[in-house]
Amino acid sequence: MTYWNRAMETMSRDELSALQSERLTGAVNRAWERCAPYRAKLEAAGLQPGDIRGTDDLPKLPLTLKDDLRDGYPYGMFAVPMSEVVRLHASSGTTGKQTVVGYTKGDIGIWNECMARCLTMAGATKDDIVQIAYGYGLFTGGLGGHYGGEAIGATTIPASTGNTKRQLQMFLDFGSTVLLCTPSYAMHLGDAVRDAGIKDRLKLRIGIHGAEPWTEKMRDEIEERLGLRCYDIFGLSEVLGPGVSCECAERNGLHVMEDHFLIEILDPETKQPVPDGTPGELVFTCVTKEALPLIRYNTRDICTVDRRPCACGRSFARMGKLTGRTDDMLIIRGVNVFPSQVENVLLGVEGAAPYYLLVVDRVNNLDTLEVRVEMADGFSFDEVRRVEALERRIAKEIMSALGVTAKITMAAPGSIERSEGKAKRILDKR
Amino acid sequence: MVIEQVSVFVENKKGALKDTLGILAEAGMDLRAISIADTSDFGILRMIVPDADATLELFKSKGVTASKTAVTGCKLPDEPGALHKVLSTLCEAGISVEYIYAFITRRNEDAYVILRVEDNVFAQYVLKSAGHTIMTPGDAAGL
């Protein structure tokens, strides 16, 4: 078993807990001293820095929400002078105004370390040729993956996203062995590889995909089309960027870099911790980062955590796949609907492709849901009867899986917008 | 001897059909016959063209998904009752027709009918046995 940082990644839970407690105390002190909004939050909760002596005191701390970060736009939440900030990124703003994050040299070091661990976890080494097909720019995917690739000593190609034809050319000419990109772009690349008939000439062996929710079925399809083994990676810019957690060879959850990030799962209503394995809101505390302190940041992603030992030998807790967001969640006629559920249904229906747009509207005070779905490539659409049968089948599957009536509209293959950063899957007209 | 028909899935929105046909127009490609199946949500544009493969490639290069379907073409005299005879022949043999469209040309006195059936080989055998003339790919190219 290969680790990037064996000492940290395999330390006992007791040692880890002691390290986390020490680091948490320091992080709370720093926030109190250097970041006025945090000081105000702590004071409002009746807390002094001395009240937090370890991870057991974590639940006493107030939660931080995205709005807190937005209110401080752009630099209000930074805990260091701008002369210490060496890089800025910004979140894509998929759920509203964008959020700016800053990094000190030390923060960048942490990020590179975490990404190096992730790449190593997935099996990449210095002998690999790593093609980074995440977008480079304010989005953290491109540069995050890039410096991770360089950190492990791999040959790193800053391909960025888009220009699919050129990506394929790089696969062939440069002999890329590792691919980093969003899962939807991996699917798209897979389609292009199939169309070009070049799968046999690829040297790809590892795919590391994140920044979007994806399913096991999508994983199977990507693996089949590109002939590689895929790993899920997770991150969010407020916390770090990609590299907060990643799957190991066991692929039974994503190991959270717990020496830097504390994970909690809370009941969405009561905000109290739920038992391991129960879904709830995913909350992170950054205990080492300097520029942007983050204490109990509620991501509003729905997730589970598993702290049992993993066969890979890492002691870090594993988070499950995100099953939705409490703020992405659509409520349609009183039923909670997550886009990922729709995706799961589509992957199980022959003739349908997992590319879709949910259009929600209100007609005569009643919510309506329309699902625009692409037909799979090669689906024979020449007869109206076949297309309509497919629509009925999807409507029926959505009804039985989600409990809502949906109007299905089929669309031609490739006609629904593909994301190169994040997919836009919801159009809410209400 | 089947005719290769090219189909394109067209969204039900303004300009969709015009844009699709614009691709053919720009490339100087001719249409022999055209038919549209319309529903409230989408349309299926079906075309008989001189070169089906070239047309498919053209659509593909423009990012439009097109498919090829084998259909049966039947040549019949342009006179009252001719199509009825064709359909009667098929009906007596128990053959169902999924869809049908017809066209005439300026080149000769004949009319043509395109038939989508489950089994082209059997349908053509039945039609020929009853004295009907089957349209050849050469007919489609040369019309």
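**Chat on the A–B contact and the cores**

Colleague: How many residues does the contact take from chain A and from chain B?

Modeller: Twelve residues come from chain A and 13 residues from chain B, where two residues are in contact if their C-beta atoms, placed from the backbone, lie within 7 Å. This is a predicted model, in which local features need pLDDT of at least 70, side-chain atom pairs count only at pLDDT 80 or more, and totals for chains, interfaces and linings use all residues. Residues are numbered from 1 along each chain as its sequence is written, with chains lettered from A and ligands numbered from 1 in the order in which they are written.

Colleague: Changing topic, which residues touch the most other members in the largest nonpolar core?

Modeller: Among them are A:F284, A:V239 and A:F261, in a core of 91 residues. Such a core is a set of buried Ala, Val, Leu, Ile, Met, Phe, Trp, Tyr and Cys residues joined through C-beta atoms within 7 Å, and buried means that 20 or more other C-beta atoms lie within 10 Å of the residue's own, again placed from the backbone. Helix 5 (residues 105-121) of chain A gives the most to this core, with eight residues.

Colleague: What does the second, separate core include?

Modeller: That core of 52 residues includes A:I332, A:V342, A:I408 and B:V86.

Definitions and conventions:
Buried ≥ 20, exposed ≤ 12 C-beta atoms within 10 Å, placed from the backbone. Helix = DSSP H or I, 4+ residues; strand = E, 2+ residues; numbered from the N terminus.
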